[in-house]
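The paragraphs below take up ring pairs and then charges over rings.

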Amino acid sequence: MQDYAMQDWEKRCEELLHFIEKSPSAFHAAANLAAMAEEKGYMALREAEDWRIVPGGRYFVTRNDSTIAAFSIPDVDIAQIKGFHMVAAHSDSPTFKIKENPEMPTEEQYVRLNTEKYGGMLPQTWLDRALSVAGRIAVKQGDGVRTRLVNVDKDLLVIPNLAIHMNREAGKGQEYNAQTDLLPLYGGVKEGRPFLAHIAEAAGVDKEEMLAHDLFLYVREKGRRFGGNGEYILSPRLDDLQCAFSAMTAMAESRPKNYINVCAVFDNEEVGSTTRQGADSSFLQDVLLRIKDALGQTDGWLRQRLSESFLISADNAHAVHPNHPEKADPTNRPYLNGGIVLKYHGGQKYTTDAYSGAVLKELCRKADVPVQTYFNRSDIPGGSTLGNISASHVSVPSVDIGLPQLAMHSAAETAGARDTEFAIRMFQVFYED
């Protein structure tokens, strides 16, 4: 195994943490992925317009401001294009969504915000942390509506714990009621200003212009390296911005030879993907059909190329936990900084099979990066991801992978500092044939 220069993985690690800091919501993540692509010469397309694409061209398109697909056409005769090399990840993470009419005055003293859980989270990790709000708002524009990103970039909220003196059983484990225990404190009744006025100011619009919002809480804690040799990272939203960042970075820095490269990052994976911008939508299929049409090819041409295509579903994986190693499978035990995690599941929650697993191992060999395997313990049900959902719409051989992490779905998660560089190197080999 090659001994990578310290500055290589450190640089990638710092770039990742900076990307996550700038991406407090799925909307911001998609915008920042688009900016990464645009910086490398990718042109923006719109679903509502005709697409004019050419061999050698680089393009991206978004849906709902929170899902993005970037693609790169080989600079060869169209007859030489063999298929598609695709990577899928997701832009959302578990959090709290702010409801309409959010202010809840309490005791004539406090103002809380009415929220609901978004995705499966570890709720106790959100308590007693500085929080803020980000997402998008919809505002009037003439006779129509436009959207605008918003991030209240200040310490704005907290979800306060109940003191041990008032809940003597707290140390023995507690169930949290989302409507009573997990509402964030916004301000005082007498001193405070209306919450939506705060949002309007951050967005640079008049409050009267705002029609609706998609606003989410986020943790103000910045990602950082830690450990005896700085070998780990602690950050919010590593699941799945670590994979999304790695895939887009690799694609932006790669040039295809005989395959059309695609990087698709979907929203709403944490709540089932069944939205127009989720992996269970027509988005990826629509993009491939539009590429086929813009290149002047037939449905038969597309079907033939799909038969020679491949999809990597990239969504972070569970590492062996240092305090609970018994929770891991006896013989498939991924570790932080151990490289790419190849995920298997007998019930096909992960799409990896013998063929696609072998392809992934060969990619890692060519990239000179380590690869590990993951199975759930046979007596512990695991989660699912977007690989089998995407493959049900675009039926190609596919493999599920991730980067190893601890405390998945916590407000702050832990991963290996070197693994981002491993992922980028593997994706580059994939994208460069």
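One aromatic cluster is formed by Phe310, Tyr355, Phe430 and Tyr431. The structure is a predicted model, in which local features need pLDDT of at least 70 and side-chain atom pairs count only at pLDDT 80 or more, while totals for chains, interfaces and linings use all residues. Residues are numbered from 1 along each chain as its sequence is written, and side-chain values use heavy atoms, with hydrogens and water left out.

Rings of Phe, Tyr and Trp (its six-membered ring) are paired if their centres lie within 6.5 Å; planes under 30 degrees apart count as stacked, over 60 as edge-to-face and the rest as tilted. By this rule there are 12 aromatic pairs. In one of them, the ring centres of Tyr118 and Phe216 are 5.5 Å apart and the planes stand at 80°, so the pair is edge-to-face. Because Tyr118 belongs to strand β6 (residues 110-118) and Phe216 to strand β10 (residues 210-219), this pair ties together parts 98 residues apart in sequence. Helices (H or I, at least four residues) and strands (E, at least two) are DSSP runs, numbered from the N terminus.

Tyr118 is buried, at 10% relative accessible area; buried means under 20%, exposed over 50%, and partly exposed in between (1.4 Å probe, protein chains only). Phe216 is also buried, at 12%.

Phe310 and Tyr355 have ring centres 6.5 Å apart and planes at 70°, so they too are edge-to-face. Phe310 lies in strand β14 (residues 310-314) and Tyr355 in helix α7 (residues 354-367), 45 residues apart. Phe310 is buried at 5%, whereas Tyr355 is exposed at 52%.

Finally, the charged end of Arg290 sits over the ring of Trp51, 4.4 Å from its centre (CZ of Arg or NZ of Lys within 6 Å of the ring centre and within 35 degrees of the ring normal).
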